[in-house]
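Here are my notes for a colleague opening this one for the first time. Have the viewer ready and go through the points in order.

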Protein chains: 2
Amino acid sequence: MQVHQVSGTAHRPGTTPRTAREGSDPSKATIVDVARAAGVSTATVSRVLNDHPKVGSQLKARVLQAIKELGYRPSRVARSLRTRRNRVWALIISDIRTGPFFADLVRGVEDVAHGAGYSLFLCNTDEDPAKERAYMELALAENVGGLVLTPSSERTDLSPLINARTPFVLADRSLPTAHADTVIVDNVAGAYQAVSHLLAGGFQRIACITGPLQTTTGERRYAGYGKALVEAGHEVDESLVRVADFREAGGLQAMRQLLSGSDPPDALFVTNHLMAIGALQAIDEAGLAIPSDIAVVSFDDPPWSTLLRPPLSAVAQPAYDVGVESARLLLSRLEGYSGVARTVTLSPTLVVRGSSVPVPRATLGRR
Amino acid sequence: MQVHQVSGTAHRPGTTPRTAREGSDPSKATIVDVARAAGVSTATVSRVLNDHPKVGSQLKARVLQAIKELGYRPSRVARSLRTRRNRVWALIISDIRTGPFFADLVRGVEDVAHGAGYSLFLCNTDEDPAKERAYMELALAENVGGLVLTPSSERTDLSPLINARTPFVLADRSLPTAHADTVIVDNVAGAYQAVSHLLAGGFQRIACITGPLQTTTGERRYAGYGKALVEAGHEVDESLVRVADFREAGGLQAMRQLLSGSDPPDALFVTNHLMAIGALQAIDEAGLAIPSDIAVVSFDDPPWSTLLRPPLSAVAQPAYDVGVESARLLLSRLEGYSGVARTVTLSPTLVVRGSSVPVPRATLGRR
DNA sequence: CCCTCCGAAGAAAACGATTTATAGAACTTC
DNA sequence: GAAGTTCTATAAATCGTTTTCTTCGGAGGG
């Protein structure tokens with residue numbers, strides 16, 4: 001679809017330049033207009049804009065005056081073209097819907113970026129590799145200074161970024177292939193804590209609903225689940241494990257399956273909060289009580305977890321800090337660091353609430 | 001803080017041009033490199049890129065070949081500078097944290113934008129007028145094709161956008177001052193439905209926790225609350241109304257205050273889901289039962305509302321459609337529509353669940 | 001008094017694309 | 001075969017900045 005150009009400024013190469021127009025149309029003033037109004041050259045205006053030292057104070061005043069009068073706003077497009085640099089970052093995230101986690105992450109990146117004089121463009125990929133690729137290309141074509149991204153899958157191709165020598169940082173998810181600066185949460189440790197806690201509570205048949213195993217988060221959290229079981233002398237019972245899609249519908253379906261078996265689980269570890277919603281729904285459908293019939297621990301600690309009865313135990317992630325650390329790594333690259341790739345690992349913390357503490361015998365009897 | 005430039009490409013004006021380097025550094029190839037490789041002029045390459053009709057098929061093939069070989073990616077910066085147009089929109093939202101509402105809105109805008117060949121940059125203002133202003137300026141300086149924004153307050157100044165003649169649409173919140181294309185949810189109707197429903201249930205002292213009255217949403221939802229009361233022959237009791245900040249903490253505090261009075265409310269209408277979380281927390285602290293002691297209806301219908309006991313009644317907003325309609329309005333401007341400002345109003349729907357249905361006498365007696 | 005040096009301001013060349021005017025080549029048509 | 005007519009492809013101008021390099025005027029030194 002082609003946009004029809006309203007060609008108010010079109011003119012033949014040989015005719016009078018468009019800067020002939022005066023006064024009106026304030027925001028479209030260019031550096032040439034400013035230079036003319038101040039009676040100086042564009043070079044001088046440019047120097048004032050970037051406050052270079054060697055510019056006379058009275059000239060500077062005149063230029064500033066002209067800038068104000070014309071409402072002049074330098075074109076970042078032209079600047080970016082000339083300097084081959086742009087004080088903007090792109091932050092490519094896989095799904096803004098994924099609750100407070102990405103929101104806090106964004107906030108963390110933004111705070112650091114702003115502090116360092118960068119602005120942030122967000123791009124939402126919906127976990128779609130094609131959109132992810134498109135946004136990477138867009139960011140490069142727009143000449144961003146750097147980018148932070150949460151790769152949608154293990155097969156995400158970073159080569160465009162590498163070829164373009166544009167610095168980037170992976171946040172929340174690592175890629176085994178390319179060694180790049182990465183910030184992750186210690187998913188294994190988080191899952192390990194959660195499952196160990198359930199084991200300590202005496203639960204025997206602990207189920208796990210995890211996300212796609214191609215994602216770091218899905219795979220690592222499952223790994224932590226397995227590690228806790230094995231260390232405690234149990235073995236992983238595949239019939240208690242379901243791989244879903246990190247969404248509500250997936251959690252619902254997985255839990256229904258788990259509960260329909262002949263020997264259903266007495267506890268559940270679910271690796272994100274959306275799937276937790278679905279799973280809790282399924283538990284409710286089945287008329288089971290938490291934690292007496294089945295205990296539950298979730299990954300992600302959404303604000304509503306305390307509203308449930310019983311309140312939901314969960315592994316809280318330092319999302320804001322993931323953002324902050326990602327931004328810091330990116331910043332260090334932009335400031336010239338060109339050494340080996342670094343990985344920052346942050347620890348999640350288990351928050352124990354009612355959904356996972358075993359019910360005392362006396363109460364249990366009442367059931 | 002100044003980034004040190006690694007000046008690999010710097011050269012004196014008189015010396016050999018940088019395009020002398022061959023082969024390596026694939027992604028930094030320019031249109032000149034492609035032209036050279038294909039043995040044509042840059043004009044021809046440009047025509048191939050924008051598939052203009054008048055270009056010989058074999059030349060076209062040679063050019064495409066060269067593009068592929070060099071891994072050439074046209075610079076959107078240069079293109080945007082030259083054409084004074086950019087197929088990118090900015091979507092400035094006030095707070096990504098505000099649950100699924102903005103997330104769905106973003107998705108709606110994005111779907112339409114992509115369909116029309118536009119990409120989307122998101123900007124998050126945290127309801128901060130300064131950040132909002134800065135992002136508006138950034139979007140203009142980056143020469144975006146258009147923007148969708150959710151103004152942070154009534155005093156948001158749109159004049160930069162108007163002066164720059166960059167088309168824009170207001171989403172979710174309208175501004176009384178400037179008449180601009182706007183898409184809003186019928187907040188009055190939503191609140192009216194919710195409160196009428198409570199009145200029909202026989203509740204007498206219906207409290208309201210709303211957001212800042214400078215925001216359309218805060219003010220209109222409060223207006224709907226008042227309208228329902230007045231139409232039913234009641235009058236608005238100011239002591240039952242609290243203005244908070246649309247966040248959890250605000251809801252918590254407001255509800256604590258409401259419950260501490262001598263004659264507490266028997267029902268609550270709360271105008272967004274974050275404040276609902278806080279309010280529910282306060283109700284729980286006070287040891288009150290829902291709905292027998294106090295009934296609750298919330299604006300926004302988050303996915304977890306069915307998990308509560310009793311499940312939470314709520315006014316569901318067509319967030320995705322707000323996004324879609326906003327994008328459509330913007331698109332029509334970009335396609336040349338230059339008529340009067342339009343306002344699209346979408347209706348929310350009340351979802352009645354257990355938190356607001358009066359308890360039968362028999363059960364009530366048991367309390 | 002002349003030469004050198006220094007600093008501030010300007011002229012002009014980039015950056016990488018699009019687009020207009022123009023130059024050729026190929027084809028009619030007489 | 002020459003003139004007129006299409007077509008294609010190229011040259012060159014242009015978008016709005018930054019950044020050299022150059023220039024110009026004045027200050028300082030011998």
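Is B:Glu137 buried, partly exposed or exposed? It is partly exposed, with a relative accessible area of 22%; buried means under 20%, exposed over 50% and partly exposed in between, using a 1.4 Å probe and protein chains only.

1. Ground rules. This is a predicted model, where local features need pLDDT of at least 70 and side-chain atom pairs count only at pLDDT 80 or more, while totals for chains, interfaces and linings use all residues. Residues are numbered from 1 along each chain as its sequence is written, chains are lettered from A and ligands numbered from 1 in the order in which they are written, and side-chain values use heavy atoms, with hydrogens and water left out.

2. A link between chains. B:Glu137 meets A:Arg73 in a salt bridge, at 1.9 Å from N to O; the term stands for a side-chain nitrogen of Lys or Arg within 4 Å of a carboxyl oxygen of Asp or Glu. The pair crosses between chains: A:Arg73 sits in the loop between helix H3 (57-70) and helix H4 (76-83) of chain A, and B:Glu137 in helix H6 (residues 129-141) of chain B. Helices (H or I, at least four residues) and strands (E, at least two) are DSSP runs, numbered from the N terminus. A:Arg73 counts as buried because its relative accessibility is 18%.

3. A link within chain A. Look next at A:Arg247 and A:Asp95, whose side chains form a salt bridge (3.2 Å, N to O). The two are 152 residues apart: A:Arg247 is in the loop between S7 and helix H10 (248-260), A:Asp95 in the loop between strand S1 (88-93) and helix H5 (99-115), both loops in chain A. A:Asp95 is buried at 3% relative accessible area, whereas A:Arg247 is partly exposed at 30%.

4. A pair inside one helix. A:Arg328 and A:Glu325 are joined by a salt bridge, with 3.2 Å between the closest N and O atoms. Both belong to helix H12 (residues 319-334) of chain A, three residues apart, or about one turn of the helix. Each counts as partly exposed: A:Arg328 at 47%, A:Glu325 at 22%.

5. The chain A sheet. Six strands form an open sheet in the order S7-S6-S8-S9-S10-S12, with mixed pairing; strands pair if DSSP finds at least two bridges between them. Strands S7 (241-243) and S12 (349-351) are the edges, each pairing on one side only. Within the sheet, S9 (residues 295-299) and S10 (residues 313-316) of chain A are parallel over three bridges, and A:Phe299 has A:Val315 in S10(A) as its bridge partner. Helix H11 (residues 273-285) of chain A packs on the sheet, touching S6, S8 and S9, where contact means heavy atoms within 4.5 Å. The direction of H11 makes about 160° with that of S9(A); axes are lines fitted to C-alpha atoms, for helices over the stretch in contact, and angles run from 0 to 180 degrees between N-to-C directions.

6. A strand in chain B. In S5 (residues 182-185), B:Thr182 and B:Ile184 point one way and B:Val183 and B:Val185 the other, and all are buried. Side chains in a regular strand alternate between the two faces of the sheet. S5(B) pairs in the parallel sense with S4 (residues 168-171) over two bridges, and B:Ala171 stands opposite B:Val183. Four bridges join S5(B) to S11 (residues 343-346), also running parallel, with B:Thr343 as the partner of B:Thr182.
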